[in-house]
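Please look through the structure shown here before reading the points that follow.

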Amino acid sequence: DGRYDDVKRYKEKAPYGELAHPSPEHIYPLHVALGAAGDEARAELIHRSWTNATFSYSSYRFTKKI
């Protein structure tokens, strides 16, 4: 939904996220993908699965807003 500011301020918006991802290298690829997709990008969930009830294997495709 174009919530780029939420991604930029992820530590403030999701303060407990560091429990799951204590270092930011898990978040950096999202910044790169959003930047490459452009200002009008939309995220589309294309795969979701879980392992051991704790590991998410979600995949997203970034497309232009229509």
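**Notes on the predicted model**

1. Setting aside neighbours within four places in sequence, Phe-62 is in contact with Leu-30, Ala-33, Leu-34, Ala-37, Arg-42 and Ala-43, where contact means heavy atoms within 4.5 Å. Phe-62 itself belongs to strand β4, which covers residues 59-64; helices (H or I, at least four residues) and strands (E, at least two) are DSSP runs, numbered from the N terminus. With a relative accessibility of 25%, Phe-62 counts as partly exposed, because buried means under 20% relative accessible area, exposed means over 50%, and partly exposed is what lies in between (1.4 Å probe, protein chains only). Phe-62 and Ala-36 are separated by 26 residues in sequence, and their C-alpha atoms are 9.0 Å apart in space.

2. Residues are numbered from 1 along each chain as its sequence is written, and side-chain values use heavy atoms, with hydrogens and water left out.

3. On confidence, the protein chain has a mean pLDDT of 82, and 94% of its residues reach 70 or more; pLDDT is the predictor's confidence in each residue, on a scale from 0 to 100. Within the protein chain, confidence is lowest in helix α1 (residues 4-8), where the mean is 80, and highest in strand β2 (residues 50-51), where it is 90.

4. The protein chain holds 4 helices and 4 strands, and read from the N terminus on, these elements follow the order α-α-α-α-β-β-β-β. The C-alpha trace of the protein chain spans about 35 × 25 × 20 Å along its principal axes. Among contacts in the protein chain with a separation of 6 or more, 30% come from residues 24 or more positions apart.

5. How much of the protein chain counts as buried? Of its 66 residues, 9% do. The accessible surface of the protein chain comes to about 5,600 Å², and 55% of this surface belongs to carbon and sulfur atoms; the areas come from the Shrake-Rupley method with a 1.4 Å probe, and for residues, only the protein chains shown count as cover.

6. Turning to charge, the protein chain has 10 positive and 9 negative charges, whose mean positions are 3 Å apart. Lys and Arg count as positive and Asp and Glu as negative, whereas His and the chain ends are not counted; the place of a charge is taken as NZ of Lys, CZ of Arg, CG of Asp or CD of Glu.

7. Side chains of opposite charge can pair when their charged atoms come close. Here the count comes to 5 salt bridges, a salt bridge being a side-chain nitrogen of Lys or Arg within 4 Å of a carboxyl oxygen of Asp or Glu. One of them joins the side chains of Lys-11 and Glu-18, at 3.6 Å from N to O; Lys-11 is partly exposed at 49% relative accessibility, and Glu-18 is partly exposed as well, at 38%. Elsewhere, salt bridges that share partners join Asp-5, Arg-9 and Glu-12 into one network. Arg-9 is partly exposed at 31% and Asp-5 is partly exposed at 39%, whereas Glu-12 is exposed at 56%.

8. Which residues does Gly-38 contact, leaving aside its neighbours within four places in sequence? They are Tyr-4 and Lys-64. Gly-38 lies in the loop between α4 (28-37) and β1 (41-47), and although Gly-38 and Lys-64 are 26 residues apart in sequence, their C-alpha atoms are 7.7 Å apart in space.

9. Asn-52 is found in the loop between β2 and β3 (55-56), where its phi is near 55 degrees, a positive value in a residue other than glycine; Asn-52 is exposed, with a relative accessible area of 60%. Gly-17 has its place in helix α3 (residues 17-20) and is partly exposed, with a relative accessible area of 31%.
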